[in-house]
Amino acid sequence: MIIKSIKLNNIRSYTNKEINFSLGSTLLSGDIGSGKSTILLAIDFALFGLSRGIITGEALLRHGQKEGSVELNFIIDNKDIKIKRVLKKSSDSVNQDSGYLIINNELSNLSPIELKQKI
């Protein structure tokens with residue numbers, strides 16, 4: 001898998017950020033609290049969704065926001081793939097909402113369960 005880019009919207013310390021990765025190895029460096037772990041957690045969320053006991057919506061969604069999202073663009077087996085997962089805050093929790101999967105420009109709008117099955 002080659003990660004091309006990730007877009008973070010209201011994910012932890014990031015309000016709206018797109019990070020493009022160069023071909024080859026990437027080193028994430030910075031001071032404590034600069035967002036390195038957030039990038040890794042966002043990649044995990046995009047690929048696998050929320051996981052009980054591992055990552056919660058409350059831990060990912062930026063404090064005070066009602067909605068957030070992660071969009072991951074990567075290449076695997078010569079397929080250009082883009083996944084978007086969305087978090088929405090309700091009165092008592094933060095849950096996943098519908099997102100999408102694009103494989104070689106073919107869009108599928110999917111529920112969180114359908115996204116997990118397709119990935």
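This tour visits the chain as a whole and then its strands, turns and selected residues.

**Before the first selection**

The model is predicted, so that local features need pLDDT of at least 70, side-chain atom pairs count only at pLDDT 80 or more, and totals for chains, interfaces and linings use all residues. Residues are numbered from 1 along each chain as its sequence is written, and side-chain values use heavy atoms, with hydrogens and water left out.

**The whole chain**

Begin by displaying the entire chain as a cartoon. Three helices and six strands are present; helices (H or I, at least four residues) and strands (E, at least two) are DSSP runs, numbered from the N terminus. Followed from the N terminus, the order of the elements is β-β-α-α-β-β-β-β-α.

Turn next to the overall dimensions. The C-alpha trace extends about 40 × 35 × 25 Å along its principal axes. The radius of gyration of the chain is 14 Å, in agreement with the value near 14 Å that a compact globule of 119 residues would have. This radius is taken over C-alpha atoms, and the globule rule is 2.2 Å times the number of residues to the power 0.38.

Now show the surface. Its accessible area is about 7,600 Å², and carbon and sulfur atoms account for 48% of it. Such areas come from the Shrake-Rupley method with a 1.4 Å probe; for residues, only the protein chains shown count as cover. Of the 119 residues, 36% count as buried; buried means under 20% relative accessible area, exposed over 50%, and partly exposed in between (1.4 Å probe, protein chains only).

Colour the side chains by charge. There are 16 positive and 12 negative side chains, and the centres of the two sets are 3 Å apart. Lys and Arg count as positive and Asp and Glu as negative, while His and the chain ends are not counted. The place of a charge is NZ of Lys, CZ of Arg, CG of Asp or CD of Glu.

**Strands 1 and 2**

Select Arg12, in the loop between strand 1 (2–11) and strand 2. Most residues other than glycine have a negative phi. Arg12 has a positive phi, near 45 degrees, and is partly exposed at 33% relative accessible area.

Move to Thr15, which belongs to strand 2 (residues 14–20). Thr15 is partly exposed, with a relative accessible area of 43%. Apart from neighbours within four places in sequence, Thr15 is in contact (heavy atoms within 4.5 Å) with Leu8, Asn9, Asn10 and Arg62.

**Strands 3 and 4**

Select strand 3 together with strand 4. The two strands pair in the antiparallel sense over 10 bridges; two strands pair if DSSP finds at least two bridges between them. Glu67 has Lys88 of strand 4 as its bridge partner.

Within strand 3 (residues 67–76), pick out Asn73. This residue is buried, at 11% relative accessible area. Setting aside neighbours within four places in sequence, Asn73 is in contact with Ile3, Lys4, Ser5, Asp80, Ile81 and Lys82.

Then follow the chain into the turn. Strand 3 and strand 4 form a hairpin with two residues between them, and Asp77 in this turn has a positive phi of about 50 degrees. Asp77 is not a glycine, and its 68% relative accessibility makes it exposed.

Strand 4 (residues 79–89) and strand 5 (residues 94–103) run antiparallel and are joined by eight bridges. The hairpin from strand 4 to strand 5 passes through four residues. Two pairs may be selected here: Lys84 has Tyr100 as its bridge partner in strand 5, and Leu87 stands opposite Gln96.

Finish with strand 6 (residues 106–110), which pairs with strand 5 in the antiparallel sense over five bridges. Ile103 stands opposite Glu106 in strand 6. The hairpin of strand 5 and strand 6 has two residues between the strands, and Asn104 there takes a positive phi near 50 degrees.
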